[in-house]
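Open the model in your viewer and keep the selection tool at hand. The stops below each give something to select and say what is there.

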Amino acid sequence: MTSTFSRSPVAALVLATALASACAVHAQDAPKRKPGLWQQTMTTSGAAIPPQSMSMCTDEKTDQLVTARAGDNQRCTQQSARRQGNNVVIDAVCNDGKTTIRTHGVFSGDFNTRYSGELRSTFEPPMHGMKEMTQKIDARWVGPCKPGQKPGDVALEGMGGMNMNELMGADPKKMQEMMQQMQQMQKMQQQPR
């Protein structure tokens, strides 16, 4: 059975980045991410994925939920986040279908107004032709969440939005429907205008 995430590499990548960011802020002695609205940009090399930008309304409960559920959909056999000097280091070994994904990430910043990091992943066997990929992430706190937003709301530039709290608690069928909607939006963006 093919996982929903492996059918939409961009959606999986955005979700994985959100999960990694949450993991980074919950390393045992890492600073806590300030509640409110965070703007995050991500550039990827090693995959045909354009730069992504997203905003997320977050609070401590949301970060804890995302961290607790990180890797559930990819069956991770190893996950760790630890403080190393001024950095937070993340390591994970996960499986998506027949592919083993090994990720190593390093994040730095005060996590109160800004943080940045780099995630390097390898895929064995390759996934969608990718053997390896590097993601660079830069996040900054922009203020309180906007009126009408609730913790967990994520807006993906050009792809719509979702709520991480609902996603993490969603049953597999609802999650699959949401991922299919994201795929349709992505296809619409790629069509010539």
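Start by selecting Y115, which is buried in this predicted model, its relative accessible area being 1%. W38 is buried as well, so select W38 and Y115 together. How are the two rings set against each other, in centre distance and in angle between the planes? The centres of W38 and Y115 are 5.3 Å apart and the planes stand at 45°, a tilted aromatic pair. W38 belongs to strand 1 (residues 36–45) and Y115 to strand 6, so this pair ties together parts that are 77 residues apart in sequence.

F107 counts as buried because its relative accessibility is 0%.

Ring pairs join F111 with W38, F107 and Y115 in a cluster, and the count of aromatic pairs comes to three. F111 is located in the loop between strand 5 and strand 6. Is F111 buried or exposed? F111 counts as buried, at 0% relative accessibility. Check its backbone as well: F111 is not a glycine, yet its phi is positive, about 60°. Most residues other than glycine have a negative phi.

Stay in that loop and select T113, between strand 5 (99–109) and strand 6 (114–127). T113 is partly exposed, with a relative accessible area of 38%. Beyond its neighbours within four places in sequence, which residues does T113 contact? They are W38, A139, R140 and W141. In sequence T113 and W38 are 75 residues apart, while their C-alpha atoms are 8.8 Å apart in space.

For the first, select R33 with W38: the charged end of R33 sits over the W38 ring, 5.9 Å from its centre. For the second, select K34 with W141: K34 lies over the face of W141, at 3.7 Å from the ring centre.

Now move to T99, in strand 5. T99 is buried, with a relative accessible area of 7%. Apart from neighbours within four places in sequence, T99 has contacts that include C94, F123 and M127. P125 is also in contact with T99, and the T99 side chain reaches the backbone oxygen of P125 at 3.3 Å.

Select P125 together with E124. P125 is found in strand 6, and the peptide bond leading from E124 to P125 is cis, with omega near -10°. Most peptide bonds are trans.

Finish by colouring the model by pLDDT. The protein has a mean pLDDT of 76, and 65% of its residues reach 70 or more. Which elements have the lowest and the highest mean pLDDT? Helix 1 (residues 4–7) has the lowest, 38, and strand 7 (residues 130–143) the highest, 93. Where pLDDT is low, the predicted coordinates should not be read in detail.

Key: Residues numbered from 1 in each chain as written. Predicted model: local features only at pLDDT ≥ 70, side-chain atom pairs only at ≥ 80, totals over all residues. Heavy atoms only, no water. Helix = DSSP H or I, 4+ residues; strand = E, 2+ residues; numbered from the N terminus. Buried < 20%, exposed > 50% of the residue type's maximum accessible area, 1.4 Å probe, protein only. Contact = heavy atoms within 4.5 Å. Polar contact = N/O pair within 3.5 Å; in protein donor to acceptor, adjacent residues only side chain to side chain. pLDDT = per-residue confidence, 0-100. Phe/Tyr/Trp six-rings, centres within 6.5 Å; stacked < 30°, edge-to-face > 60°. Lys NZ or Arg CZ within 6 Å of the ring centre and 35° of its normal.
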